[in-house]
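Here's a quick tour for anyone just starting out with protein structures. Have a look at the picture, then work through the notes below.

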Amino acid sequence: MLTMKPPSFTMWRTPAFALAASLLLCTNVQAALGRAPQARPADAADAAPAARQLRAAPVNEAYTVSTLVEPTGTVVREFVNAQQQVFAVVWAGPVLPDLAVFFGDHFTAYQQAVQQKRAAGQRGGVVHARKPELVMLSRGRMGNFEGYAYIPTLVPHGVDIKTLLP
Amino acid sequence: MKPQVTFRWFGRAMVASFVWLLASCGGGGGKSDGSPPPAVSTPPVTGANVQTLRVGPGPAGLSVRVVNLLYTSVRLCMPGTDTCQTIDHVLVDTGSTGLRLLSTAVTLPLPVATAEGKSLYNCVQFIDQSYMWGPVASADVYLGGPALDGEKAANLRIQLAGSAGAPAAPSVCASGGFTPNDSPSALGANGILGVGTAPQDCGIGCELNPANGVYHVATGGGALTGVAVSQAEQLQHPVSRFAVNHNGVLIHMPAVAATGAASATGAMIFGIGTQPNNAPGTVRVMAPNVNGYFTTTFNGRTLSRGFVDSGSNGWFFGTDTEPTYPPCSNAPQWYCPSSALNLQAVNSSVNGQTSTVDFAIANANTLFSNAATYALSNLAGPVGDDTAFDFGLPFFYGRQVYTAISGASTPLGTGPYVAY
């Protein structure tokens, strides 16, 4: 499965081969779905050890992928369209990333999904939402979380979003 | 250690899970119409390794109804003494590992654990963005037997969640608007007894990466820093620490009628094939893959993430697009088919075994309509994920479900596995 290869732990143990030579460092973490990605090459000058950033070559012409490896070992990937907007975010690792950071303005929709689940007395399962403005899913087992979120209207034409998700 | 090897180990160690959702209302209306549903129970089983379980109303302090929560009582004592207390309404969770108790329920002044000479704290996150956070403490924990004196986990490391005076949870634990499970109303219980397949709550990841986010030490002034904790010093599976009957658990719950029951009383029997009362009959053994799942074939689809979890309170499968079981209009977290449906799932394991699970689902609003009903065998909702099937507590009704601890030897093979 895409999300667990490489697993976050292995990634942490072996950053040399996981991240290869294109490792960048950054401090700017103020970006989110619908905005610019978490880190840009220009930020590399302000290096900070907390966030290791790989900016990958374009997978195809429609989008690029930014990968953030958190100190916990959790890996977050942001998919960026040609307009430099994050249209999808995917995560996997032992603890959840700070979804408020990655969801940005869409975090409220996520919280609503959580609250509605609580209000309905549901326990277990996953948190999910499928709305015109946001599709998201957060699942996992203790110590092994994964999930995704995307904005359907920002997905580049010709890209099958399902192929990007775990 | 090669990465692949490490990963396999890691994956097995992290099988534990429980995607925890906060307590809140019991779902739906709760008007009380009709006569009270009956209470059901399994035939009594006696033995030092038998622990009574019950689905029914929640603990004091929980003002709303949450159905299908499996409770038990835990007796804990100051280590090496007979100064003890019993805590009721502790949730039995085969999806996580370790005993976590609300600090407000614990009156004993338990000794707290340290690492590097500093107070040790533990975090666990659940998938709904809630968490439990608090100091690690040690207690002699007793389970089983007619007086909760049958089995002893001596000097067991447990978590005291929501302790007053503890440093605030670090952002890696509580970030992004996470909700603390620090009260009965938030948790729906006085604690969680995690009896999953993992022998510890974290495993090798916390031993090797101090920034893993799970274990922290206080460095003064409310400050915290991550700390590496050996597997032996992590929260342990309580059963794994018993002198005997320590290779896993058998949960035996009674069948519940289609319309539900006021309560369901069953048993957790410690050990697999270690005593006459836990000898497995003809069962299928579902071993998890490296990611902790088995494969489930359902509704013509092959789902790569099938799992059994007593901490989930329904059958959770499908998205919200199946016409025959649409989400309830008033609570789309549950299904509201117009009439009861008989369904079937086929599980297959990496060990080559397969099993068929026949079950039924019914209209959630109808099921919830009698406010005295707490055990609902036919309650289902969307998992929102067309790769997953969560066999929650309803799966346990009318079954004997074995959960083997990773690495433990049993007559059915070496854990981890779930067998039924």
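How many bridges join strand β17 of chain B to strand β18 of chain B, and which way do the two run? There are 4 bridges, and the strands run antiparallel. Keep in mind that this is a predicted model. Let's go through a sheet, a helix and some disulfides.

**The sheet in chain B**

- Strand β17 covers residues 294-298 of chain B, while its partner β18 covers residues 301-308.

**A helix in chain A**

- Helix α4 of chain A takes in residues 107-119, which makes 13 residues.
- From first C-alpha to last, α4(A) reaches 18 Å, close to the 18 Å expected at 1.5 Å a residue.
- Several of its residues are buried, among them A:Phe107, A:Tyr110, A:Val114 and A:Lys117.
- Here's a handy rule: an α-helix has 3.6 residues a turn, so residues three or four places apart point the same way.
- What covers the buried residues of α4(A)? The cover includes α3 (99-103), β6 (127-130) and β7 (135-141) of chain A, together with β10 (179-180) of chain B.
- Just after α4(A) comes A:Gly121, with a positive phi of about 75°.

**The disulfides**

- A search of the whole structure turns up 4 disulfides over all chains.
- Count the bonded cysteines along chain B and you get the pattern 1-2, 3-4, 5-6, 7-8.
- B:Cys77 and B:Cys84 make one of these links, with sulfur atoms 2.0 Å apart. The torsion about their S-S bond is about 105°, so this disulfide is right-handed.
- Are those two cysteines buried or exposed? B:Cys77 is buried at 0% relative accessibility, but B:Cys84 is partly exposed at 28%.
- B:Cys202 pairs with B:Cys206, again at 2.0 Å from S to S. Their S-S torsion of about 80° makes the disulfide right-handed, and both cysteines are buried.
- B:Cys328 is joined to B:Cys336, S to S 2.1 Å. With 90° about the S-S bond, their link is right-handed, and both of these cysteines are buried.

Key: Residues numbered from 1 in each chain as written. Chains lettered and ligands numbered in written order. Predicted model: local features only at pLDDT ≥ 70, side-chain atom pairs only at ≥ 80, totals over all residues. Heavy atoms only, no water. Pairing = 2+ DSSP bridges. Expected span 1.5 Å × (residues − 1). Buried < 20%, exposed > 50% of the residue type's maximum accessible area, 1.4 Å probe, protein only. Contact = heavy atoms within 4.5 Å. Disulfide = S-S within 2.5 Å.
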